[in-house]
Structures are given as structure tokens and as C-alpha cells.
Amino acid sequence: MFAGARLVERSYADLTGWRSNAQAMALAAFRRSCAVMVDTAAARRATGFPADGLVPACAAARRLPPEAGDVEARAFFEAHFVPYRVVPQAGDGFLTGYFEPEVQGSLKPSARFTTPLLALPDDLVPLGDRDVPAHLAGFAAARQTPDGLAPYHDRAAIEDGALGAQARPLVYLDWIDAFFVHVQGSARVRIGPGAEDVVRVAYAGRNGHPYASLGKLVVAETGIPPEQMTAPALIAWLRANPEAGRRLMRENRSYIFFRRADELDPAEGPLGAGMTQLIPGRSLAVDRTLWPYGLPVWVEAELPEPGSEALRPLRRLFIAQDTGTAIRGPARADIFFGSGPAAGEASGIVRHAPSAFVVLLPKGSLPAGRERKP
């Protein structure tokens with residue numbers, strides 16, 4: 001068993017679509033993670049499955065020619081990795097989607113843009129893997145006070161001004177846009193008409209309180225069927241019910257802080273937690289406490305088509321390059337769809353899509369207690 005799941009060894013012949021998938025794109029994403037993994041020791045900090053096992057595969061990937069095609073990429077993955085189906089103790093694996101919003105905003109507050117995105121406060125202390133006292137159990141961050149560490153302010157307190165002078169606004173947004181930027185963790189904020197008038201913001205940290213899904217809160221209050229509570233439907237409900245919407249938002253005690261990301265290539269995706277710019281349709285957010293950044297993951301699922309009731313098959317190799325507060329469990333993942341409205345529409349309708357989740361583990365570091373293919 002691994003983190004409440006069975007790891008069952010499979011063969012590449014078992015992976016539907018493996019021979020026809022564009023593996024060169026996955027190799028490009030893998031190399032991007034390798035550049036961070038090899039050069040930055042901090043990127044290989046311990047997880048449930050150690051990342052150091054990926055380093056030999058990274059070295060081999062770097063020896064391939066830059067123009068390596070699908071055949072060479074497929075041979076590379078088959079030579080260095082073994083596929084394992086992740087079978088949870090209960091239920092199936094499932095997928096959601098996320099994207100980088102593009103929203104209107106301002107550097108100053110206005111009647112339209114009332115809600116700030118805040119920079120990381122100086123008194124916030126990430127707790128990470130350190131031993132913490134009982135009063136901080138369950139928190140991922142704390143507040144440094146003259147008397148020691150204390151739980152950080154929750155969303156409601158921050159919105160009510162608890163940070164005082166520590167509140168440093170980066171940009172101001174519409175209140176609904178601001179909340180969804182918190183959920184996505186990054187954004188492109190247009191502050192003027194020109195191509196250069198775009199501020200990119202990236203995740204900088206969070207207050208350490210548990211995350212609560214606004215969609216689930218709205219479903220519980222209204223009785224709307226969960227399968228109907230897509231992102232577009234949620235936004236429409238919030239616009240129609242602003243008072244109730246603001247109240248329910250405050251029940252999500254988690255709060256995200258940002259930084260300006262002026263260093264990012266504007267032609268590339270946002271910066272993932274794995275410290276690489278994300279690739280649409282190839283970057284995957286996983287549970288970072290279980291899986292390392294850079295891990296190849298084969299996903300098989302049926303995803304809804306925007307504007308249609310039809311489902312389309314997804315059979316694709318992704319690379320784990322990000323994480324999120326709602327991504328918990330060995331067979332739970334979040335697909336990065338890209339930037340802008342079209343990516344937002346495509347990602348917003350992917351909710352709890354059942355999936356087969358297959359991790360490609362390095363041959364030199366296979367897990368103990370694994371099950372062989374029958």
C-alpha cells in the first residue's frame with residue numbers, strides 16, 4: 001500500500017493510446033522540470049515518494065537531441081520508467097481543471113475594482129514539515145508575534161483589515177474575479193489598453209487555514225445539484241446573489257498572497273509550484289506530499305466538451321509541475337488548461353471527472369510492496 005492506495009504494475013501495452021500520443025510534448029515538459037530539479041536542491045525536498053530517483057532520468061533526457069520526436073521520447077520513457085496504476089482504497093481517481101485567468105484591474109481602488117490582491121506579509125511563517133505546538137495543529141502557516149507563533153488571520157479577518165500596515169495591495173480587481181484568482185493562484189491583470197499594460201501575479205504563500213470549496217458551500221445552501229455547479233454557473237449565481245456570495249466566500253478561511261511576476265515570459269504559462277512555467281495540456285497539479293514535481297503521470301479519462309453534453313476521451317502523458325490546497329490523495333490531479341477565457345471555460349466544466357491515474361516511476365527507485373501485473 002502507498003498512501004491508502006495500491007500500486008499495480010502495468011505494461012505500456014496496457015495504456016490505451018500510448019503508441020499514438022505526442023510524447024515529444026511530454027518530454028519537453030519533463031526537461032523543463034529537470035532543469036529545476038537538477039539545479040535546485042530545494043526542489044527535491046522529501047515527499048511521500050522521493051524525487052531523487054528522477055535525477056538519473058533527467059540526466060538521460062538532457063542527453064537527447066533538442067529536436068527529439070515522439071518516437072525517441074516514447075523510447076526514453078519506456079527505458080527509464082515503469083507504469084503503475086494507482087488504485088485508491090475507495091472510489092476512483094478523479095480530475096479537475098484549472099487555468100490562468102485574464103482579468104481587468106487597476107493599480108488603484110475604484111468603484112469597479114474594490115478588492116486587492118495582497119503581497120505576502122512579513123509576519124507570515126510557513127510551517128512546512130517542522131514540529132509545531134498543539135495550538136497550530138492543522139495549520140500550514142502561522143503568524144510571528146512577540147510571544148511566539150500564533151494562528152494566522154483567516155479570510156474574514158483579513159478582509160476586515162486585520163493586517164493593518166502589513167496589507168500591501170499589488171492590484172485591485174472586481175470582487176468575484178479576485179476570489180477566483182485566489183482559487184487559481186495566478187493571473188494576468190490588464191490595467192490598460194496596450195499589450196504592455198499587463199501585470200502578472202503569481203502565488204507567494206497562504207495563511208495556512210484549510211481550504212473550503214465555494215461551489216460546495218453554495219450547493220449546500222441552495223440545493224442546486226452538484227453536477228450543475230460548474231464555474232460559469234457559480235459565477236452567475238454570485239452575480240445574482242452578491243450578499244449571500246460574499247458571506248459564503250468568507251467561510252473559506254484560506255487566503256492567498258501574491259507577488260508580481262514580471263520575470264515571466266509573457267508567451268508562456270504561469271509559474272507552477274515546481275518553479276517552472278506551466279504548459280497547457282501537459283502540466284498537472286498533484287498532491288505534493290505524495291508525489292514529486294517532475295513525475296510523469298499517464299491519465300485516462302472522459303472529459304466534457306464546452307457547450308456540449310458529449311464526452312471526449314483523454315489519453316495523455318502529463319508531468320507533475322504544480323500543486324494546490326484542494327489536491328489531496330494519491331489519484332487526485334488538476335489539469336492546467338492554459339490562460340484566458342477559453343481555457344477558463346474548458347477547465348471550469350471539468351469537475352470530479354473519474355480517471356485512471358498511472359504514475360511512471362523511475363526504474364532505479366521502485367516502491368516496496370508493489371503488485372505485479374497479473
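Strands are DSSP runs of E with at least two residues, and helices are runs of H or I with at least four, each numbered from the N terminus. Two strands pair if DSSP finds at least two bridges between them. The structure is a predicted model in which local features need pLDDT of at least 70 and side-chain atom pairs count only at pLDDT 80 or more, whereas totals for chains, interfaces and linings use all residues. Residues are numbered from 1 along each chain as its sequence is written, and side-chain values use heavy atoms, with hydrogens and water left out.

**View A. The open sheet of 6 strands.** The strand order is β5-β9-β4-β10-β11-β12, and the pairing is mixed. β5 (115–118) and β12 (256–260) are the edge strands, each pairing on one side only. On average, neighbouring strands of this sheet are turned by 45° against each other, direction ignored; axes are lines fitted to C-alpha atoms, for helices over the stretch in contact, and angles run from 0 to 180 degrees between N-to-C directions. Within the sheet, β10 (residues 186–190) and β11 (residues 198–206) run antiparallel and are joined by 5 bridges. Arg190 has Val198 in β11 as its bridge partner.

**View B. Helix α5 on strands of the sheet.** Helix α5 (residues 175–184) lies across β4 (102–106), β5, β9 (169–173), β10 and β12, where contact means heavy atoms within 4.5 Å. The helix runs at about 25° to β5.

**View C. The open sheet of 3 strands.** Antiparallel pairing gives the order β6-β7-β8. β6 (124–126) and β8 (148–151) stand at the edges with a single partner strand each, so one side of each lacks a neighbour in the sheet. The twist averages 45° from one strand to the next. Strand β7 (residues 141–145) is joined to β8 by 4 bridges, and Thr145 has Gly148 in β8 as its bridge partner.

**View D. The crossing of helices α6 and α7.** The axes of α6 (residues 214–222) and α7 (residues 231–240) come within 11 Å and cross at roughly 60°. The two helices are therefore oblique to each other (under 35 degrees counts as roughly parallel, over 145 as roughly antiparallel, 65 to 115 as roughly perpendicular and the rest as oblique). Leu214, Gly215, Val218 and Thr222 in α6 meet Leu234, Trp237 and Leu238 in α7.

**View E. An edge-to-face aromatic pair.** The ring centres of Phe30 and Phe81 are 5.9 Å apart and the planes stand at 90°, so the pair is edge-to-face (rings of Phe, Tyr and Trp, the last by its six-membered ring, pair with centres within 6.5 Å; planes under 30 degrees apart count as stacked, over 60 as edge-to-face and the rest as tilted). Phe30 in helix α1 (residues 23–39) and Phe81 in strand β2 (residues 81–88) are 51 residues apart.
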